[in-house]
Amino acid sequence: MTTAAYSATLPANSGWLARSEAWLDQKGKGAWIAAMILGFVFFWPVGLALLAYMIWSKRMFGKSCRHSQHHTKRRQAWAAMKPSGNTAFDAYKTDTLRRLKEEQEAFEGFLQRLREAKDKSEFDQFMDDREKRAKEARETEDA
């Protein structure tokens with residue numbers, strides 16, 4: 001993959017850090033390891049930071065970092081949020097995202113009420129059973 005090909009997959013205003021990450025991903029796991037070793041040689045906190053990032057992002061133990069899910073998900077999330085340039089579509093997208101967020105909040109509220117009703121039902125059943133056992137215990141004591 002050429003430099004132009006891998007930078008074409010990044011957003012136009014991505015920073016040097018994202019471009020460096022994409023370049024290292026394009027080169028493979030060996031490039032990440034070489035960058036980490038060079039980081040340790042020249043300034044140990046950089047090497048340590050690269051090691052921590054490789055472990056955190058699953059680059060250290062994955063089969064390949066060229067098509068990592070982390071990188072793909074971040075690119076998709078960025079593409080979903082950036083404006084398209086078409087004001088009508090952007091207004092539609094904003095309205096749809098707002099509506100979906102409201103529906104999600106309403107559904108989460110419904111689930112919370114459902115959980116509360118279930119908890120109340122279980123608690124009421126527990127209290128009824130407790131009262132029933134206490135009543136039976138009093139009856140056996142009276143007898």
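**View 1. Lys 118 and Glu 122 form a salt bridge in a predicted model.** The closest N and O atoms of Lys 118 and Glu 122 are 4.0 Å apart, a salt bridge being a side-chain nitrogen of Lys or Arg within 4 Å of a carboxyl oxygen of Asp or Glu. Both residues lie in helix α6, four residues apart, about one turn of the helix; helices (H or I, at least four residues) and strands (E, at least two) are DSSP runs, numbered from the N terminus. Lys 118 is exposed at a relative accessible area of 52%, whereas Glu 122, at 42%, is partly exposed, where buried means under 20% relative accessible area, exposed over 50% and partly exposed in between (1.4 Å probe, protein chains only). This is a predicted model in which local features need pLDDT of at least 70 and side-chain atom pairs count only at pLDDT 80 or more, while totals for chains, interfaces and linings use all residues. Residues are numbered from 1 along each chain as its sequence is written, and side-chain values use heavy atoms, with hydrogens and water left out.

View 2. Lys 120 counts as exposed at 52% relative accessibility, and Asp 124 is partly exposed at 32%. Salt bridges that share partners also join Asp 95, Arg 98 and Glu 102 into one network. Five salt bridges are found in a search of the whole structure.

**View 3. Phe 89 and Tyr 92 form a tilted aromatic pair.** Two aromatic pairs are found in the whole structure, where rings of Phe, Tyr and Trp (its six-membered ring) pair if their centres lie within 6.5 Å, planes under 30 degrees apart counting as stacked, over 60 as edge-to-face and the rest as tilted. In the pair of Phe 89 and Tyr 92, the centres are 6.4 Å apart and the planes make 40 degrees. Both residues belong to helix α6 (residues 87–142), three residues apart; Phe 89 is partly exposed at 41% and Tyr 92 is exposed at 54%.

**View 4. The largest nonpolar core is made up of Leu 24, Ala 31, Trp 32, Met 36, Leu 50 and Met 54.** A nonpolar core is a set of buried Ala, Val, Leu, Ile, Met, Phe, Trp, Tyr and Cys residues joined through side-chain atoms within 4.5 Å. Helices α3 and α4 (44–56) each supply at least two residues of this core, and the largest share, three residues, comes from α3. Leaving aside neighbours within four places in sequence, Met 36 is in contact (heavy atoms within 4.5 Å) with Gly 47, Leu 50, Leu 51 and Met 54.

**View 5. The whole chain has six helices and zero strands.** Along the sequence, the pattern is α-α-α-α-α-α, and 18% of the 143 residues count as buried.
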